[in-house]
Amino acid sequence: MNIDSITNGIVIDHITAGNGMKLYELLGLGELECSVAIIKNASSGKIGKKDIIKIDADIPVNFDVVGFVDPNATINIIKDGVLVEKRNIEMPEHLVNVIKCKNPRCITSCEQEIDHIFKLTDREHNVYRCIYCETKAN
Ligand SMILES: [Zn+2]
């Protein structure tokens with residue numbers, strides 16, 4: 001892919017088509033001052049269509065969030081216009097304060113101070129459950 005437009009930054013590549021916006025929101029990229037580009041439905045030989053996110057700044061990205069939304073994504077780190085690191089993503093065992101439990105009776109819905117923690121319970125099907133009430137995420 002063309003990374004010429006980025007000098008220092010991060011490219012999240014091979015995002016399953018349709019997951020780009022979700023990742024954009026969960027990573028809080030809309031709050032950044034730097035330029036962020038989302039390319040939707042780019043053609044990719046390997047997976048057909050894919051989304052790509054380009055972040056034109058060297059910011060810390062929460063790789064757990066990327067692994068949760070799309071474990072097939074890859075992260076490319078660009079420095080001085082050169083690809084310096086390419087890393088594969090894995091599904092994290094735990095997700096802390098990324099998503100919120102939907103169960104209105106869950107302790108996290110009543111108590112403001114509690115961390116929202118989800119645990120990976122089924123790696124094959126990408127299933128996360130709230131550690132307090134076991135409600136499924138998504
Ligand atoms: Zn819960």
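**Strand pairing, core and domain arrangement in the predicted model**

Strand β1 (residues 9–16) is joined to strand β4 (residues 74–79) by 5 bridges, and the two run antiparallel. Helices and strands are taken here as DSSP runs (H or I over at least four residues for helices, E over at least two for strands), numbered from the N terminus. Strands are treated as paired where DSSP finds at least two bridges between them. Within this pairing, the bridge partner of Gly9 in β4 is Ile78. The structure is a predicted model, in which local features need pLDDT of at least 70 and side-chain atom pairs count only at pLDDT 80 or more, whereas totals for chains, interfaces and linings use all residues. Residue numbers start from 1 along each chain as its sequence is written.

The protein chain contains 3 helices and 8 strands, which follow the pattern β-α-β-β-α-β-β-β-α-β-β along the sequence. Its C-alpha atoms fill a box of roughly 50 × 30 × 20 Å along the principal axes.

Strands β1 and β4 belong to an open sheet of 5 strands, ordered β2-β3-β1-β4-β5 with antiparallel pairing. At the edges stand β2 and β5, each with a single partner strand, so one side of each is left without a neighbour in the sheet. From one strand to the next, the twist averages 20°, with axes fitted as lines to C-alpha atoms (for helices over the stretch in contact) and angles running from 0 to 180 degrees between N-to-C directions. Strand β1 also pairs with β3, in the antiparallel sense and over 5 bridges. In that pairing, Ile10 stands opposite Ile55 of β3, and Val11 stands opposite Lys54 of β3.

Asn76 stands opposite Lys86 in β5. Strands β4 and β5 form a hairpin with 2 residues between them, and Asp80 in the turn has a positive phi of about 50°.

A further open sheet consists of 3 strands in the order β6-β7-β8, with antiparallel pairing. Its edge strands are β6 (94–96) and β8, each of which pairs on one side only. The twist in this sheet averages 30° from one strand to the next. Strands β6 and β7 (residues 117–122) pair antiparallel over 3 bridges, and Val96 stands opposite Ile117 in β7.

Strand β1 is mostly covered, with 7 of its 8 residues buried.

The largest nonpolar core comprises 23 residues, of which Val11, Ile12, Ile15, Leu23, Ile53 and Val66 touch the most other members. Such a core is a set of buried Ala, Val, Leu, Ile, Met, Phe, Trp, Tyr and Cys residues joined through C-beta atoms within 7 Å. Two or more residues are given to this core by each of β1, β3 (48–55), α2 (63–69) and β8 (127–130). Domain 1 (9–88) and domain 2 (94–130) both contribute residues, so the core lies between them.

Contacts between residues were defined by C-beta atoms, placed from the backbone, lying within 7 Å of each other. Among contacts between residues at least 6 apart in sequence, 56% join residues at least 24 apart. Residues up to four places away in sequence not being counted, Val66 touches Ile12, Leu23, Val61, Ala73, Ile75 and Ile89.

Asn41 lies in strand β2 (residues 36–44). Asn41 is partly exposed, with 13 other C-beta atoms within 10 Å. Apart from its neighbours within four places in sequence, Asn41 is in contact with Ala17 and Lys49. The C-alpha atoms of Asn41 and Asp51 are separated by 5.4 Å, the two residues being 10 residues apart along the chain.

How values were computed: Contact = placed C-beta atoms within 7 Å. Buried ≥ 20, exposed ≤ 12 C-beta atoms within 10 Å, placed from the backbone. Domains from an automatic or database assignment.
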